[in-house]
Amino acid sequence: MTAHSRIRLTMAQAVVRFLSKQRTTRDGREQRLIGGVLGIFGHGNVAGIGEALQESRASLPYYLVRNEQAMVHTAAAYAKMRNRLSTLACTSSIGPGATNMLTGAAGATINRVPVLLLPGDIFASRRPAPVLQQLESSQSQDVSVNDCFKPVSRYWDRINRPEQIITALPEAMRVLTSPVETGAVTLALPQDVQAEAYDYPAALFEPRIWTIARPRADRDRMREAAQLIRSSQQPLIVAGGGVIYSDATDALRRFVEATGMAVCETQAGKGALPEPHPLVLGGVGATGTRAANRFARDADLVIVIGSRLSDFTTASKTAFQHERVRFVTINVAELDAGKHAAVPLVGDAKSVLEELLKMVEGYRVGPDYAETVRLLQADWCAEVDRVCAPGIAAPVTQAQVIGLLQAALEPTDVIVCAAGSLPGDLHKLWRARDPKSYHLEYGYSCMGYEIAGGLGVKMAAPDRHVYVLVGDGSYLMMAQEIVTAVQERLAFTIVLLDNRGFASIGGLSEAVGSSGFGTRYRYRNTSTGDLDGDPLPVDLAANAASLGARVWNADTLGALRAALAESRSESRPSVIVVPVDRESRVGGYDSWWDVPVAEVSTRREVQTAREAYDAARRKERDFL
Ligand SMILES: Cc1ncc(C[n+]2csc(CCOP(=O)(O)OP(=O)(O)O)c2C)c(N)n1
Ligand SMILES: [Mg+2]
């Protein structure tokens, strides 16, 4: 090959060949950036990307999935499991196939995980316009449904000429592999251009390695942070997903063991300091533990590592009540590091923690601090045991199921969850014994992520046992990827908690005075007009079996334990349906979540809820 060598390929062939050559490296460990392509074909991609994938299937595997939204969740879960060093690409047709990916794209961008989306697009030439599924505008012909991806993508491009990929693809890879900018990357590929040939420079297809850097923070800011630490009485670390993505869990452990500081976790950060550990206080914020929330309330310094500080983490800005509380943030992204008027340590979690530890050498929390942590942890352990204790009567409760799973699973097994009442209960009750064992999509909390996500986790970590925890609502929204798992002979276990509707939003509805209106899966009652008739005759077990899964009905904890044991040796997806009591919920612990209640209402319950809301809001703080 000379510097001027050219290869004649269609644009789609060139995209596929390029993607198969991309790799990432960090700390000397190298891997593929794009592990494969998920997709559903239609007229917008079958002759372009479809043809190219068939030709290159030995170098870039293709997986047929069942739903385009689900495939983006699968890719996001894969990327999360691989600590954002590797992901999957998603190909769709134009129109509905493309827009189905929007929700997944938003989820990936909000969770800061890389996914590469390749929606087909309308003809660049416009010759046969309007084509099937084309959006028309009276103001412009330069519009397609793919423009909807702009706000939910970190990089967006439309390839109207085949040579544009020569600059677009490297940019797309830069954004995908950037810990700061990563999220959904969308390259809209017009269906005519996909099939068009061009003499591409051969150099475009040379193997390329993207190095994931570990940037260090500004020296003066580091000194300022070290000074704050030295003068703090009750510091607390909030560990977010960034700790795990950065592979900084050992660095965090060394930091806390040297300083004696306690750690609480966000949903994405659970497992950052694997349990059991004497300095873990568990989840913090709206769904936090009593231990973490009590400690957070009085902390005078909060060191936030790799978190975007969402309202769930800060209990809607009520979690930290110390009058002069200060924040130090460690984050690769300036956007996050600047929150809560923190001293921003803009850099990689691992390298910043290692450096900061040297700068605070000799500092250690006092004996009272250590004793408080010990007492809070012991109190919380007793509370978890109490809440999860098996009862004598049926139906079983969700907390009991969680307790049983905790005892039955191995430390490296992975649990996957996203929406409903499970994430909050897990955040409180689960003990993550490995940094990659607790996989919660809670940036978008998207119903339907669970099973699609479980598929992605299994693809990313085939050697681990994967357990998807899903509510009946989420299951009914998106269960079809069970079929994809059957097709790929991927075995994972889905524990389906059936409480006949939305326990979470039902509970929230009660809390805002609306008595669970419209949240139960029941017949419409002809006399009241409401959904409070008999339970619906939905057979979720039969539904799962019809998709090819091995299925168990587990009405008791004993039956669940037996089914879990059997499912471990299955070679296809397993579904264990567990009816659970909708009304036995795990409560909140010294926390709050800001959901505004109607300011005027004819209902007395709403008026009472509003009074409570106004009172609670007074605790909300501005950190300026
Ligand atoms: C796609 C989507 N739609 C709506 C919501 C709002 N929502 C959050 S939880 C929930 C109910 C979930 O029901 P289920 O899966 O049965 O879990 P449960 O609440 O019963 O634990 C709803 C409607 C959401 N998070 N995602
Ligand atoms: Mg439910």
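Student: Which residues are the closest to ligand 1?

Tutor: In this predicted model, the shell of ligand 1 holds 15 residues, where near means that a heavy atom of the residue lies within 4 Å of the molecule. The closest of them are Ser421, Ser445, Asp472, Gly473 and Ser504.

Student: Before we go on, what pLDDT do side-chain atom pairs need in order to count?

Tutor: Residues are numbered from 1 along each chain as its sequence is written, chains are lettered from A and ligands numbered from 1 in the order in which they are written, and side-chain values use heavy atoms, leaving out hydrogens and water. As this is a predicted model, totals for chains, interfaces and linings use all residues and local features need pLDDT of at least 70, while side-chain atom pairs count only at pLDDT 80 or more.

Student: Which helix gives the largest share of the shell around ligand 1?

Tutor: Helices are DSSP runs (H or I) of at least four residues and strands (E) of at least two, numbered from the N terminus. H19 and H21 each supply at least two residues of that shell. The largest share, four residues, comes from H19.

Student: How much of the accessible area of ligand 1 does the protein cover?

Tutor: Let's start with the backbone N or O atoms around it: one of serine 445 is 2.8 Å from a nitrogen atom of ligand 1, and one of methionine 447 is 3.2 Å from a nitrogen atom. For alanine 503, such an atom is 2.8 Å from an oxygen atom of the ligand. On its own, ligand 1 has 580 Å² of accessible area (Shrake-Rupley method, 1.4 Å probe). The share of this that the protein covers is 78%.

Student: Now the metal. Which residues coordinate the magnesium ion, ligand 2?

Tutor: Donors are N, O and S atoms within 2.8 Å of the metal (3.2 Å for Na, K and Ca), and sites may look incomplete as water is not among the atoms. Here the donors follow the spacing D-x26-N-x1-G along the chain. Aspartate 472 belongs to helix H19 (residues 472-477) and glycine 501 to the loop between E21 and H21, 29 residues apart. At 2.0 Å, the ion is coordinated by Asp472 (OD), Asn499 (OD1) and Gly501 (O).

Student: Why does asparagine 499 count as buried?

Tutor: Asparagine 499 sits in the loop between strand E21 (493-498) and helix H21 (503-511). Its contacts (heavy atoms within 4.5 Å), leaving aside neighbours within four places in sequence, are Gln398, Asp472, Val580 and Arg582. Buried means under 20% relative accessible area, exposed over 50% and partly exposed in between (1.4 Å probe, protein chains only). Asparagine 499 counts as buried because its relative accessibility is 9%.

Student: Is arginine 568 buried, exposed or partly exposed?

Tutor: Arginine 568 is in the loop between helix H23 (557-567) and strand E23 (574-579). Not counting residues up to four places away in sequence, it touches Glu410, Asp413, His465 and Tyr467. With a relative accessible area of 27%, arginine 568 is partly exposed.

Student: Which side chain makes a polar contact with the side chain of arginine 568?

Tutor: A polar contact is a pair of N or O atoms within 3.5 Å; within protein, one must be able to donate a hydrogen and the other to accept it, and residues adjacent in sequence count only if both atoms are side-chain atoms. At 2.8 Å, the partner of arginine 568 is the side chain of aspartate 413.

Student: Over to the strands: which residue of E14 is the bridge partner of cysteine 264?

Tutor: Two strands pair if DSSP finds at least two bridges between them. Strand E13 (residues 262-265) runs parallel to strand E12 (residues 235-239), joined by four bridges, and there cysteine 264 partners valine 238. E13 also pairs in the parallel sense with E14 (residues 280-283), over three bridges. In E14, the partner of cysteine 264 is glycine 282.

Student: And in which sense do E2 and E3 pair?

Tutor: Strand E2 (residues 22-26) is largely enclosed by the rest of the structure, because four of its five residues are buried. Four bridges join E2 to strand E11 (residues 208-211), running parallel. Over four bridges, E2 and E3 (residues 29-32) pair in a sense that is antiparallel.
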